[in-house]
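We'll take a short walk through a few of its parts.

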Amino acid sequence: MNNFIYFNLKLNFLSLFLRLNTNKFIKHQNFFSECKFLHANTTKMVKFLGQEEAINIDVELFNEYKYSVDQLMELAGLSCAVSINKCFPQSSIGNKSVLVCCGPGNNGGDGLVCARHLKFFDYNPVVYYPKQTDKELYHNLTHQCCSLNIPILQELPERSKIDVEFGLFVDALFGFSFKPPVKKDFMPVIDLMKTSSIPIASVDIPSGWNVETGEPEEGGIKPELLISLTAPKKCAAHFQGKYHYIGGRFVPPKLAQKYDLDLPKYPGTECCVSLKY
C-alpha cells in the first residue's frame with residue numbers, strides 16, 4: 001500500500017471517528033441540558049409540616065413578624081381564588097355557581113375572602129356558612145360579601161338543586177388545627193362533598209382529613225385541587241387529586257430558612273405556584 005493511499009485511509013478513519021464521537025458528545029450535551037431543564041422545572045421537595053410545626057409558624061408570623069390575622073387571610077384568600085381560576089376557569093363553569101363552604105375558624109375566613117375575590121373574577125359564589133363567628137373580623141368579611149350580593153346561607157341547598165346549580169365546591173371548613181372526628185353539624189356538608197360528582201377545591205387541608213396522616217379510614221372527601229397555604233401539611237403527601245398549588249408568597253425568608261421550608265420560587269408577580277405538573 002503506497003503512502004498516499006495509507007494517508008487517505010487514516011484521514012477517512014479519523015474523520016469518521018470524529019463524526020461519530022461528535023454525535024455522541026452532542027447527545028450527551030443534550031442529555032445534560034435536559035437534566036438541567038428538568039431540575040429547573042420539576043417540583044422541588046418542599047417540606048411538609050406537621051400540625052405543631054404549622055401552628056408554631058403561624059404564631060411566629062403573628063408575634064415575630066407582626067402580621068395581623070386579617071392580613072394573612074387576605075393574602076391566603078387571594079391565593080386560593082387565583083389558584084381556582086387557574087384550574088377551573090370561569091368559562092369552564094359557565095352559568096353555574098360556586099358553593100364556598102366556610103367553617104367557624106380562620107380557614108372559614110380564608111373562604112370568605114376567596115369568595116369575594118371570585119366575585120371580582122366574574123364567578124358566581126354562594127357562601128354556605130352554618131356556624132358564623134361572632135367577631136368583628138368575621139362580621140366585616142361577611143358584610144363585604146353581602147355588599148357584593150354574594151348569598152350567605154346557613155342551610156345547605158336542596159340536594160336535587162345542587163348538581164344543577166353548582167359547578168364547584170370550595171372546601172374552607174377546617175384548617176390545620178382540626179382534630180377528628182367531624183362534629184355532627186358539619187357531617188351533612190362533608191357527606192355532600194363525598195358523594196357528589198362536583199369537583200372540590202380544598203383550602204389548605206381537605207376537611208375531615210387528619211392533618212398528618214391524611215384521609216380517615218372510613219373514607220373522606222377527595223378534592224381535585226388542594227391549595228396549601230404557607231407550606232404543605234403532612235396530609236398533602238396522601239393527596240392524589242389533579243392539582244396541587246401553594247399560596248405562601250408572604251413567608252419571610254428568615255422564617256422559611258429557620259424551618260427548612262424549601263419553598264418554590266414564585267414566577268413574576270404570581271401569588272401561587274403549582275406543585276404538580
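Where is the place of Ile152? Ile152 sits in strand E3, residues 152-153; helices (H or I, at least four residues) and strands (E, at least two) are DSSP runs, numbered from the N terminus. Before going on, note that this is a predicted model, in which local features need pLDDT of at least 70, side-chain atom pairs count only at pLDDT 80 or more, and totals for chains, interfaces and linings use all residues. Residues are numbered from 1 along each chain as its sequence is written, and side-chain values use heavy atoms, with hydrogens and water left out.

Back to Ile152: its relative accessibility is 24%, so it counts as partly exposed (buried means under 20% relative accessible area, exposed over 50%, partly exposed in between, with a 1.4 Å probe and protein chains only). Leaving aside residues up to four places away in sequence, Ile152 touches Val127, Tyr129, Gln132, Thr142, Cys145 and Cys146, where contact means heavy atoms within 4.5 Å. Pro130 is 22 residues from Ile152 in sequence, and their C-alpha atoms are 9.1 Å apart.

Next, follow helix H6 (residues 136-147) to helix H5 (residues 106-120): their axes come within 9 Å and cross at roughly 25°. Axes here are lines fitted to C-alpha atoms, for helices over the stretch in contact, and angles run from 0 to 180 degrees between N-to-C directions. H5 and H6 are therefore roughly parallel to each other (angles under 35 degrees count as roughly parallel, over 145 as roughly antiparallel, 65 to 115 as roughly perpendicular and the rest as oblique). On the H5 side, the contact is made by Asn106, Gly109, Leu112, Val113, Ala115 and Arg116, and on the H6 side by Tyr138, Leu141, Thr142, Gln144 and Cys145.

H6 has another partner, helix H3 (residues 69-87), with axes that come within 11 Å and cross at roughly 35°. Here Val69, Asp70 and Met73 of H3 meet Leu137, Tyr138 and Leu141 of H6.

Now over to helix H8 (residues 187-195), whose buried residues are Val189, Ile190, Leu192 and Met193. Seen down the axis of H8, these fall within an arc of 160°, so they line one face of the helix; the arc is that of the directions from the helix axis to the C-beta atoms. They pack against strands E1 (97-102), E2 (125-128), E4 (166-172) and E5 (200-203), and against helix H7 (159-165).

Last stop: Ser274, in strand E8 (residues 273-274). Ser274 counts as buried because its relative accessibility is 15%.
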